[in-house]
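Me: I have a structure open and would like to go through it with you. Can we start with the strands and then move on to the rest?

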Amino acid sequence: LKQAGRLWHHHFTNILFNYGFKSSIYDPCFFTKIENGQTMYLILYVDDILVVSSNQSLEDHFFSYLNTQFKSVKRFNDNLIFLGMKITRDESKHQIYLSQLDYAQAIVDFHLDPSIPISTFPISKIDLSKCKIEPQPLANTLIGKLRYLADRTRPDLLYSLSYLSKFIDKPSQELMT
């Protein structure tokens with residue numbers, strides 16, 4: 001079981017090498033393939049794959065090849081989601097947008113009860129230092145998920161999370177609400 005991730009990476013990279021990809025010397029999870037002047041890039045993160053190419057038919061052929069190697073490969077054309085981030089592109093403005101709205105909504109739906117109203121107040125007014133409650137995995141999980149969200153697309157949450165993280169070893173009811 002400890003070797004499962006390593007074995008999966010080894011198996012998948014062999015499939016990519018057989019297809020003609022070359023691994024980057026700087027990052028073993030970044031692959032490139034150049035065929036007839038057309039380029040395809042692939043980033044592999046555990047079981048999440050991001051493929052970008054200069055030619056759509058090259059990409060289509062690659063995904064057909066993957067479907068012969070695996071039972072089912074899901075492909076998202078319109079709603080590209082990679083590592084929990086929705087990636088959209090506005091070609092007319094030459095801009096790329098990242099969003100984690102679905103991820104944030106899943107956190108809120110799972111951890112918060114919408115029937116309990118709470119007031120909003122400055123984070124500095126929370127006094128968790130007098131708390132006597134034992135550590136709870138739910139608080140650790142919630143702060144970890146929010147930290148992932150903040151690190152990717154919501155840096156405005158970092159100050160509050162940093163403040164709350166100081167008290168993670170003794171969470172209180174205030175932390176959970």
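Reply: Three strands make up an open sheet, in the order β5-β6-β7, with antiparallel pairing. Bear in mind that this is a predicted model.

Me: Which strands stand at the edges?

Reply: β5 (80–82) and β7 (95–99) do. Each has a single partner strand, so one side of each is left without a neighbour in the sheet.

Me: By how many degrees are neighbouring strands turned against each other?

Reply: On average by 30°, with direction ignored, in this sheet.

Me: How many bridges join β5 to β6?

Reply: 3 bridges join β5 to β6, which covers residues 85–90, and the two run antiparallel. Within that pair, Phe82 stands opposite Met85 in β6.

Me: OK, zooming out. How many helices and strands does the protein chain have?

Reply: The protein chain has 6 helices and 7 strands. Starting at the N terminus, the order of elements is α-β-β-β-β-α-β-β-β-α-α-α-α.

Me: And what share of the residues is buried?

Reply: Of the 177 residues in the protein chain, 25% are buried. The accessible surface of the chain is about 12800 Å², and carbon and sulfur atoms account for 56% of that.

Me: What about contacts between residues 24 or more positions apart?

Reply: Those make up 46% of the contacts in the protein chain with a separation of 6 or more.

Me: Next topic, the inside. Which residues of the largest nonpolar core touch the most other members?

Reply: Leu16, Phe21, Met40, Leu42, Phe62 and Leu66, out of 16 residues in that core. At least two residues of this core come from each of α1 (4–19), β3 (38–45) and α2 (56–69). The largest share is that of α2, with 5 residues.

Me: Take Phe21. What does Phe21 touch, leaving out residues up to four places away in sequence?

Reply: With those left out, Phe21 touches Leu16, Phe31, Thr32, Lys33, Met40, Leu42 and Phe62.

Me: Now helix α5. Which of its residues are buried?

Reply: In α5 (residues 158–165), the buried residues are Leu161, Tyr163 and Leu164.

Me: Why are they on the same side of α5?

Reply: They cover an arc of only 160° around the axis, which puts them on the same side of α5. As background, an α-helix has 3.6 residues a turn, so residues three or four places apart point the same way.

Conventions: Residues are numbered from 1 along each chain as its sequence is written. This is a predicted model: local features need pLDDT of at least 70, side-chain atom pairs count only at pLDDT 80 or more; totals for chains, interfaces and linings use all residues. Side-chain values use heavy atoms; hydrogens and water are left out. Two strands pair if DSSP finds at least two bridges between them. Helices (H or I, at least four residues) and strands (E, at least two) are DSSP runs, numbered from the N terminus. Axes are lines fitted to C-alpha atoms, for helices over the stretch in contact, and angles run from 0 to 180 degrees between N-to-C directions. Buried means under 20% relative accessible area, exposed over 50%, partly exposed in between (1.4 Å probe, protein chains only). Contact means heavy atoms within 4.5 Å. Accessible areas come from the Shrake-Rupley method with a 1.4 Å probe; for residues, only the protein chains shown count as cover. A nonpolar core is a set of buried Ala, Val, Leu, Ile, Met, Phe, Trp, Tyr and Cys residues joined through side-chain atoms within 4.5 Å. The arc is that of the directions from the helix axis to the C-beta atoms.
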